[in-house]
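Please keep the sequence and the structure in view while reading.

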Amino acid sequence: MNEKKIDWNDLKLFLAVAREGGLSAAAKSTQRSPATLGRRMYELERSMERELFIRHDRGYELTPEGKSLLDELTLVEHQIHRQTTPANQSARPLVKISAGTWTTLSLIKNLDMLVGSPPDILLRFVSAEKVLDISHREIVIGIRNQRPKEESLVCRKLARVEFAPYATKSVPDSYIKVMADTPSARWIHNNINNKDIACEVNHPRNSLDLAIENKGIALLPTFIGDAQPQLQRVGNIIEELGHDQWLVTHHEDRYLPEVRRLIQRIGTALDQL
């Protein structure tokens, strides 16, 4: 490999494409067009004389050499971050948490407890329906609806989550459809006819907002729906949507003092749901 031919900016772009799993998603975070990213990835592969991606219609999958490069660059990225973070900003260690829309909403409401009193942690919430990569440190802690299978990850079981339909007392008999790849969104798609759909939204939180505004029935976790004084259950719990929640982190990170404290606090907050 001739390192003189490598454009180091392409390595930054590589990190975005590798973590997002494709060009379109990476384009949003890098402010580059998908066409530009695709061209730069080809140039990077040619410069490094390695095949980094397997290109599919559904996205970019890392080859073994691509995964190795991602691991190496992630370590370098963390080292650079530690060396360049000013002392006055590193007094409170940053911990990134990823969870779905509804769990993130509950965590935000418990922010004061999570950061401590006085605050000893700086939290960054990464609300995402997709599973982010803990092994490559996209996040430090993830709240997931399935137990992780990766050997490098450890987990703690949290309270079980149940779903039910919610609406105001005088709601029209029609559902709010969420256009997202989640079990509850798929349930509405598979079980509710189009004629019974009030409207569609692309973000789960908007279904709650619309239900409160008396615009339709929202399928919500019971810990969210029951907490809304304007809403009531208009149907039974949907058993097939019930699932356990798991708090997941890397086996090395769990020994960090700030991570250990935060795991305990998140457990206290979510076990009460």
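This is a predicted model: local features need pLDDT of at least 70, side-chain atom pairs count only at pLDDT 80 or more; totals for chains, interfaces and linings use all residues.

Which residue in E5 is the bridge partner of isoleucine 97? The partner is isoleucine 141.

- Strand E5 covers residues 141-144 and is covered on both faces.
- Ile141 and Ile143 lie on one side of E5, Gly142 and Arg144 lie on the other, and all four are buried.
- Strand E3, made of residues 94-99, pairs with E5 in the parallel sense over two bridges.
- Strand E12, made of residues 243-250, pairs with E5 in the antiparallel sense over four bridges.
- Isoleucine 141 has a bridge partner in E12, namely threonine 249, besides its link to isoleucine 97.

**The largest cavity**

- One cavity of 30 Å³ or more is present in the structure.
- The volume of the largest cavity is about 60 Å³.
- Its lining consists of Trp102, Ile176, Val178, Ser184, Ala185, Ile188, Pro204, Ser207, Ala218 and Leu219.
- At least two lining residues come from each of strand E8 (175-178), helix H7 (183-191), helix H8 (204-212) and strand E10 (218-221).
- Helix H7 gives the largest share of this lining, with three residues.
- Sorted by class, the lining of the largest cavity comprises eight nonpolar residues and two polar residues, with no charged residues.

Definitions and conventions. Residues are numbered from 1 along each chain as its sequence is written. Side-chain values use heavy atoms; hydrogens and water are left out. Buried means under 20% relative accessible area, exposed over 50%, partly exposed in between (1.4 Å probe, protein chains only). Two strands pair if DSSP finds at least two bridges between them. On a 1 Å grid over the protein atoms alone, a cavity is a set of points where a 1.4 Å probe fits but cannot get out, and a pocket is an open set with protein on both sides within 12 Å along at least five of seven lines; lining residues have an atom within 4 Å of a point. Grid points are joined across faces, edges and corners, and a volume is the space filled by probe spheres set on the points. Ala, Val, Leu, Ile, Met, Phe, Trp, Tyr, Cys and Pro count as nonpolar, Asp, Glu, Lys and Arg as charged, and the others, Gly among them, as polar.
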